[in-house]
Amino acid sequence: MSTPAPSLNPAPVVVAVGLSKRFGVTKALSDVSLCVFPGEVRALVGRNGAGKSTLVSILAGMTAPDSGSIHFSGISAPPTHARELWQSKVACVYQHPKIIPTLSCAENLFLHEIMRGRGLISWKAMRRAAREHFDRWGLTIDGDALAGTLNMGQRQLLEIARAVRQGSRFLILDEPTAKLDGKEVDRLLTHIRELKALGVGIVFVSHHLDEVFDISQTVTVLRDGKKMLDRAIAGLAKGELIEAMVGDASAGGVLAGARAAIHPRVARLKVSRLSCPGSFENVSFEVQAGECVGIAGLAGSGKEAIGEVLAGLKLAEAGTMLLDGIHLPGGNVSWHNRAGIGFVPQDRHREGLVLGMSVADNATMAVPDQLGKAGFISPSAVARATRHIIQELDIKTAGPGEIVSSLSGGNQQKVVLARALARDPAALVLINPTCGVDVASRIALFRAIIRVASRGAAVLLISDDLEELEICHRIWVLRSRHLTREFVPPWVARDLVAEMEGMAA
Ligand SMILES: Nc1ncnc2c1ncn2[C@@H]1O[C@H](COP(=O)(O)OP(=O)(O)OP(=O)(O)O)[C@@H](O)[C@H]1O
Ligand SMILES: [Mg+2]
């Protein structure tokens, strides 16, 4: 990427005026304007369903607005679907990196050229250029490695490297940190600062307000598709920002310390000497009725696998799992679910949802037996159950019949939790359950989880999000495949992180 020439009064990299977009009856965006200057990081925040991704998709040329105009560095935007022209104007990195796992990192970097098939590709030249590019951006990525072997943070960096390589001076990051652990987030934020110093203008979508305050100079708040706030970050109080997002400052209160009452000595979930090759070894713990136990660990620590084994998705090599004294056989999702395990998986797009089905079908598909007799499912029972769930979890949807793929990211996540709760589980196992969920909905989800525990369920919360872990009674840290240390409240966040990172004294 060439370094832009310094200028005293640079033209904004993007000026969007009066953008509106409707999806059927949903007004996703109403008359929204936005402007980003070179070297500016503009945060784009708002509750789930506020219209952030819709705005991103319009700015990236993936969706045509119903009305409004866009200019890049003073030049009118290309017609929608003129993909190549858009790619030279704006680079966009989504929450789910679009890399091809079976190609090498170098090939992924030059994917657009390869797909276009222009001329003969010199593999040697391509590998050299890839190495130079990775070095230039300080990325420790091996161009020859298969992209499928990268962890989430490296994939994201690879995607950013690819985006900026096409020379665009305007970069959009839609929830880039949602799937990253603390160290990876820091690394990403450092890269964003470097891009900013080179004069790239950036729109940064995040539900993590501390990141927003850390990295951005300006912020645009959307609520119900409308712009509620547009100002500099300097001097902005967190409460003011939350109020603009939620319409009520009190909704941003933290839930710290809100824990259910434990029923001591009633151990519902007992895990003994459980081992899963490559992920974790010799793991033993108990969760009592009403108790929420956390398993904290970095991305790649293997912590997710504990949840997957408990859910019956993965098979353990050794060890036992008992739920209310009953042996869980392992390797059978539907058996484990019927035995009383509710599960919120890590990757909702792969494991959590059937995107083409309705909210009602997704929320209730685990419990057909509770919604009618003798194999006939009563549509009115499904609708009733779903309406209750929509209200309880604050799901923003047109109704039970809406197709899940048209919900915003955060609202899809709430449907996943709804399904895990449908059978009133004896043990609820969750992996990063509020990932991508806005501040107010996060509180609704925490309340729902605490309610489940209060009814006497055992809750296992597998997470690297310190705010999520606040609702736990105890936290085990998984590092180097072993449970290394147990924390009880009040723990110091710094100590917990140091233990996860393996840097504890
Ligand atoms: N393709 C679509 N079809 C129908 N409705 C849609 C579509 N895309 C978005 N919507 C609706 O438009 C509204 C805005 O959604 P959008 O994805 O822009 O929200 P968001 O701010 O990105 O939320 P989140 O933080 O949950 O990702 C929502 O009500 C959503 O259901
Ligand atoms: Mg979104």
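A search of the whole structure finds 24 salt bridges, a salt bridge being a side-chain nitrogen of Lys or Arg within 4 Å of a carboxyl oxygen of Asp or Glu. The structure is a predicted model, in which local features need pLDDT of at least 70 and side-chain atom pairs count only at pLDDT 80 or more, while totals for chains, interfaces and linings use all residues. Residues are numbered from 1 along each chain as its sequence is written, chains are lettered from A and ligands numbered from 1 in the order in which they are written, and side-chain values use heavy atoms, with hydrogens and water left out.

Side chains of opposite charge can pair when their charged atoms come close. One such pair is Arg-268 and Asp-324, whose side chains meet in a salt bridge at 2.9 Å, N to O. Arg-268 lies in strand β11 (residues 263-276) and Asp-324 in the loop between β14 (318-323) and β15 (326-327), so the pair ties together parts that are 56 residues apart in sequence. Here and below, helices (H or I, at least four residues) and strands (E, at least two) are DSSP runs, numbered from the N terminus. Asp-324 has a relative accessibility of 41% and therefore counts as partly exposed; the terms are buried for under 20% relative accessible area, exposed for over 50%, and partly exposed in between (1.4 Å probe, protein chains only). The phi of Asp-324 is near 50 degrees, a positive value in a residue other than glycine.

A further salt bridge joins Arg-442 and Glu-467, with the closest N and O atoms 3.4 Å apart. Because Arg-442 lies in helix α16 and Glu-467 in helix α17 (residues 466-469), this pair ties together parts that are 25 residues apart in sequence. Arg-442 is buried, with a relative accessible area of 5%, whereas Glu-467 is partly exposed at 36%. Lys-303 also forms a salt bridge, with Glu-304, the closest N and O atoms being 2.9 Å apart. Lys-303 is buried, with a relative accessible area of 0%, and Glu-304 is buried at 11%. Beyond these pairs, Glu-40, Arg-42, Lys-227 and Asp-230 are linked in a network of salt bridges.

The account now turns to a sheet. Six strands form an open sheet in the order β6-β7-β8-β3-β9-β10, with mixed pairing; two strands pair if DSSP finds at least two bridges between them. The edge strands, each pairing on one side only, are β6 (91-93) and β10. On average, neighbouring strands of this sheet are turned by 15 degrees against each other, direction ignored; axes are lines fitted to C-alpha atoms, for helices over the stretch in contact, and angles run from 0 to 180 degrees between N-to-C directions. Within the sheet, β3 and β9 pair in the parallel sense over four bridges, and Leu-44 stands opposite Thr-220 in β9.

Helices lie across these strands. Helix α1 (residues 52-59) lies across β3, β6, β7 (170-174), β8 (201-205) and β9, running at about 150 degrees to β7. Helix α9 lies across β3, β9 and β10, at about 30 degrees to β9. In α9 (residues 238-246), Leu-241, Ile-242, Ala-244, Met-245 and Val-246 are buried. The buried residues of α9 pack against β3 (41-45), α8 (209-215), β9 (218-223), β10 (226-232) and α16 (439-454), where contact means heavy atoms within 4.5 Å. Gly-247, whose phi is positive, near 85 degrees, follows α9.

The nonpolar interior comes next. A nonpolar core is a set of buried Ala, Val, Leu, Ile, Met, Phe, Trp, Tyr and Cys residues joined through side-chain atoms within 4.5 Å. The largest such core has 41 residues, of which Leu-393, Leu-430, Ile-475 and Leu-496 touch the most other members. Helix α16 gives the most to this core, with seven residues. Domain 2 (251-340 + 424-505) and domain 3 (358-422) both give residues to the core, so it lies between them; these bounds come from an automatic or database domain assignment. A second, separate core of 35 residues includes Leu-139, Val-164, Leu-189 and Ile-202.

Two loops complete the description. Asn-432 lies in the loop between β17 (427-431) and α16, and its phi is near 40 degrees, a positive value in a residue other than glycine. Pro-490 lies in the loop between β20 (482-487) and α18 (493-501), and a cis peptide bond joins Pro-489 and Pro-490, with omega about -5 degrees.
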